[in-house]
Amino acid sequence: MAIPIIPIIMAVTALASGVSKAVSSVKDAKAEAKLQKAQAEQQIQEKARQAAKLMSQQKSSFLKGGVYFEGSPEDVINETYDFANEDIRRLTDNANTSIKNTMRKGRTAFATSLMDAVVGGLSGFTGGSMSKGGGIIDKIRDVFSRKQSLTGGFGSVDGTNYKIS
């Protein structure tokens, strides 16, 4: 029995397409994560710059007003510093979470595409479904289990009565 080449070509094509899609999804996720990281770094730098500018303005205002940096003025500047650090920590945490989620989505898309490709490739061998039927895998299995020599394509021979069923 000859093995038809068209289903094999279709299966290989489906598998190659799925693998290509899977690899592309991971590349896209990495690019998105890189973009998110760059944006987060830019936001963090901007927040640090704003905080430094605000603390500098506060110091200037206190000095112009003749207030020394002890007690309340020092507390105000320290509080500004603490708030800025807390904002930067939140921005960092949010960026890390977003990047992790993006990479997780990319890995999930990779696995899904790969599984779809495998199932799509195998469906050509199993006659369009994964159940037993007349697919190529079943025919190959029959050839190797020597069922084909008994059936001859006209039914099967009953081993006890030698009747065609």
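Helices here are DSSP runs of H or I with at least four residues, numbered from the N terminus. The model is a predicted one, in which local features need pLDDT of at least 70 and side-chain atom pairs count only at pLDDT 80 or more, while totals for chains, interfaces and linings use all residues. Residues are numbered from 1 along each chain as its sequence is written, and side-chain values use heavy atoms, with hydrogens and water left out.

**Exercise 1.** Find the helix that holds Gln 58, and decide whether Gln 58 is buried or exposed.

*Solution.* Begin with the position: Gln 58 lies in helix H1. Next, take its relative accessible area, which is 15%; Gln 58 is therefore buried, since that word means under 20% relative accessible area, with exposed meaning over 50% and partly exposed in between (1.4 Å probe, protein chains only). Then look at its surroundings: leaving out residues up to four places away in sequence, Gln 58 touches Val 76, Ile 77 and Thr 80, where contact means heavy atoms within 4.5 Å.

**Exercise 2.** Work out which helix contains Gly 106 and which residues Gly 106 is in contact with, apart from its neighbours within four places in sequence.

*Solution.* First, Gly 106 belongs to helix H2. With a relative accessibility of 5%, Gly 106 counts as buried. Its contacts, once those neighbours are set aside, are Ser 25, Val 26 and Ala 29. Finally, a C-alpha separation of 9.6 Å is found between Gly 106 and Glu 32, although the two are 74 residues apart along the chain.

Technical notes
Helix = DSSP H or I, 4+ residues; strand = E, 2+ residues; numbered from the N terminus.
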